[in-house]
Amino acid sequence: MDSDPFIGHPPLLSDGRVEKRLRAKVPVYLARTKEPHTSERTFTRDVSPHGARVVTTHRWHSGDEQLLTPLTGEFPQMARVVYCQPRPAGGYYVGLHFPDRSVRWGESPSK
């Protein structure tokens with residue numbers, strides 16, 4: 001019996017994402033869940049309700065958990081690292097997924 005694993009799932013975008021990301025520079029705090037007293041103030045590059053791409057000075061590993069707190073009035077959010085890529089200007093881009101709930105980033109992302 002053949003079954004289609006994508007039946008009942010939202011269609012993927014051309015880059016493999018389910019949700020479209022919006023370019024937005026949102027200030028956030030990042031903290032490791034195992035070391036919450038050490039946090040980094042930084043910003044996002046793009047966002048979606050269930051994920052974000054964040055600029056960071058720390059190297060993260062796929063599967064790491066962190067606490068992301070948007071400084072725009074949203075509650076702290078548990079996030080799972082999906083990828084960590086070096087930035088040409090130094091530091092890293094970290095792709096985050098929010099498995100527990102969606103995040104409302106506001107109505108007007110910056111350019």
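How many aromatic pairs does the structure hold? The count is zero, with rings of Phe, Tyr and Trp (its six-membered ring) pairing if their centres lie within 6.5 Å. This is a predicted model, where local features need pLDDT of at least 70 and side-chain atom pairs count only at pLDDT 80 or more, while totals for chains, interfaces and linings use all residues. Residues are numbered from 1 along each chain as its sequence is written, and side-chain values use heavy atoms, leaving out hydrogens and water.

Rings do meet charges, though. The charged end of Lys25 sits over the ring of Phe43, 4.7 Å from its centre, and Arg53 lies over the face of Tyr93 at 3.9 Å from the ring centre. The test here is NZ of Lys or CZ of Arg within 6 Å of the ring centre and within 35 degrees of the ring normal.

Next up is Thr44, which is part of strand S3 (residues 35-48); strands are DSSP runs of E, at least two residues, numbered from the N terminus. Thr44 counts as buried because its relative accessibility is 1%, the cut-off being under 20% relative accessible area, against over 50% for exposed (1.4 Å probe, protein chains only). Its side chain reaches the backbone oxygen of Ala24 at 2.7 Å. Beyond four places in sequence, Thr44 touches residues including Lys25, Arg53 and Trp105, with contact meaning heavy atoms within 4.5 Å.

Thr57 sits in the loop between strand S4 (51-56) and strand S5 (65-70). With a relative accessible area of 56%, Thr57 is exposed. Gly91 is 34 residues away along the chain, yet the C-alpha atoms of Thr57 and Gly91 are separated by 4.4 Å. Leaving aside neighbours within four places in sequence, Thr57 is in contact with Glu40, Gly91 and Tyr92.

Terms used: Helices (H or I, at least four residues) and strands (E, at least two) are DSSP runs, numbered from the N terminus. A polar contact is a pair of N or O atoms within 3.5 Å; within protein, one must be able to donate a hydrogen and the other to accept it, and residues adjacent in sequence count only if both atoms are side-chain atoms. Rings of Phe, Tyr and Trp (its six-membered ring) pair if their centres lie within 6.5 Å; planes under 30 degrees apart count as stacked, over 60 as edge-to-face and the rest as tilted.
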